[in-house]
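Please consult the sequence and the three-dimensional view alongside the text.

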Amino acid sequence: MCRTVDLRQAVLAKNTMAARVLRAELTARGTTVVNLLSSPGSGKTALLERELLLARERGVATAALTADLATENDATRLARSGVPVKQVLTDGLCHLEADMLAGHLHDWLPDPTRLLFVENVGNLVCPASYDLGESLRVVLASVTEGEDKPLKYPTAFGLAQLVIVTKSDLAGPAAFDEAAFRAHVQRVNPGVEVVLTSVRTGEGAGVLLDRALAAADGGSVHAPVMARAGA
């Protein structure tokens, strides 16, 4: 008699358990994790650099961990903000996992750290399924990626607690249809907030930081239908 084992489900279940433990440990020390997901080239690093600068100006104890397959370019950029930054090289792995994150935080995360921003590997497929112990999951997409991005990656956008549109200053040249994009987001994730930002013009500056602080203070965070269905 043959028995089929769904290895993917087993891996995800193990990760979920590790994420719960990590979330509890970080919450106990007063740290809130913000998980940032996007495709490569979305402008995620530029936006995060600006938000880290704002956090430092406001006196918010903040740190950032950034993951890439190779190079430490993003960490070098984020370190310009003056907050503690750590680079994780995944050596080909297309996403972070909770136990991997916990290992990198051990003996590194400064105390106190109120907010920890995790810049996940640039990928909207693999990272979408892995809880990192975050209290706020943010998915970013630039105007140059097209209005149908939420429909192409329904899991990533469907589990988002905040959606950020980047490079809004290029909406005109890119012929970006904001109304269509918002409609597609609501189709896969009813009720989630969508925010337009531009690092060049300053549009939406501080919104990510404000939402992260609200989550840290125990404020209401969007509960995606997809997440409730899978619970």
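## Backbone features in the loops

Ala175 lies in the loop between β6 and α7. Although Ala175 is not a glycine, its phi is positive, at about 55 degrees. The residue is exposed, with a relative accessible area of 58%. The model under discussion is a predicted one.

Asp107 is a residue other than glycine with a positive phi, near 65 degrees. Asp107 is exposed, and its relative accessible area is 74%. Pro112 is joined to Asp111 by a cis peptide bond, with omega at about 10 degrees.

## The sheet

Seven strands form an open sheet with parallel pairing, in the order β3-β2-β4-β1-β5-β6-β7. The edges are taken by β3 (85-89) and β7 (194-196); each has a single partner strand, so one side of each is left without a neighbour in the sheet. On average, neighbouring strands of this sheet are turned by 20 degrees against each other, direction ignored.

Strand β1 (residues 32-37) runs parallel to strand β4 (residues 115-119), and 5 bridges join the two. Within this pairing, Val34 stands opposite Phe117 of β4.

## Helices on the sheet

Helix α7 (residues 178-188) packs on the sheet and touches β5 (136-142), β6 (162-166) and β7. The direction of α7 makes about 150 degrees with that of β7. Helix α8 (residues 207-216) also packs on the sheet, where it touches β1, β4, β5, β6 and β7. The direction of α8 makes about 125 degrees with that of β4.

Which residues of α8 are buried? They are Val207, Leu208, Leu209, Ala212, Leu213 and Ala215. The buried residues of α8 pack against β1, α2, β4, β5, β6 and β7. In general, an α-helix has 3.6 residues a turn, so residues three or four places apart point the same way. Just after α8, Gly218 has a positive phi of about 85 degrees.

Strand β2 (residues 62-68) is mostly covered, with 7 of its 7 residues buried. Cover is found on both faces: Thr62, Ala64, Thr66 and Asp68 are buried on one side, and Ala63, Leu65 and Ala67 are buried on the other.

Parallel pairing joins β2 to β4 through 5 bridges, and β2 to β3 through 5 bridges as well. Ala64 takes part in both pairings: its bridge partner in β4 is Phe117, and in β3 it stands opposite Val85. Together with helix α3 (residues 73-79), β2 and β3 make a right-handed β-α-β unit.

## The second largest pocket

How is empty space in a structure found? Rolling a probe the size of a water molecule over the atoms shows where such space is left. Here, the second largest pocket has a volume of about 170 Å³. Its lining consists of 16 residues, of which Gly41, Lys44, Thr45, Asp74 and Glu119 are the closest to its centre.

Which element supplies the largest share of the lining of the second largest pocket? That share, 3 residues, comes from α2. At least two residues of the lining come from each of α2 (44-58), β2 and α3.

Notes:
Residues are numbered from 1 along each chain as its sequence is written. This is a predicted model: local features need pLDDT of at least 70, side-chain atom pairs count only at pLDDT 80 or more; totals for chains, interfaces and linings use all residues. Side-chain values use heavy atoms; hydrogens and water are left out. Two strands pair if DSSP finds at least two bridges between them. Helices (H or I, at least four residues) and strands (E, at least two) are DSSP runs, numbered from the N terminus. Axes are lines fitted to C-alpha atoms, for helices over the stretch in contact, and angles run from 0 to 180 degrees between N-to-C directions. Contact means heavy atoms within 4.5 Å. Buried means under 20% relative accessible area, exposed over 50%, partly exposed in between (1.4 Å probe, protein chains only). A crossover is right-handed if, with the strands pointing away from the viewer, the path from the first strand over the helix to the second runs clockwise. On a 1 Å grid over the protein atoms alone, a cavity is a set of points where a 1.4 Å probe fits but cannot get out, and a pocket is an open set with protein on both sides within 12 Å along at least five of seven lines; lining residues have an atom within 4 Å of a point. Grid points are joined across faces, edges and corners, and a volume is the space filled by probe spheres set on the points.
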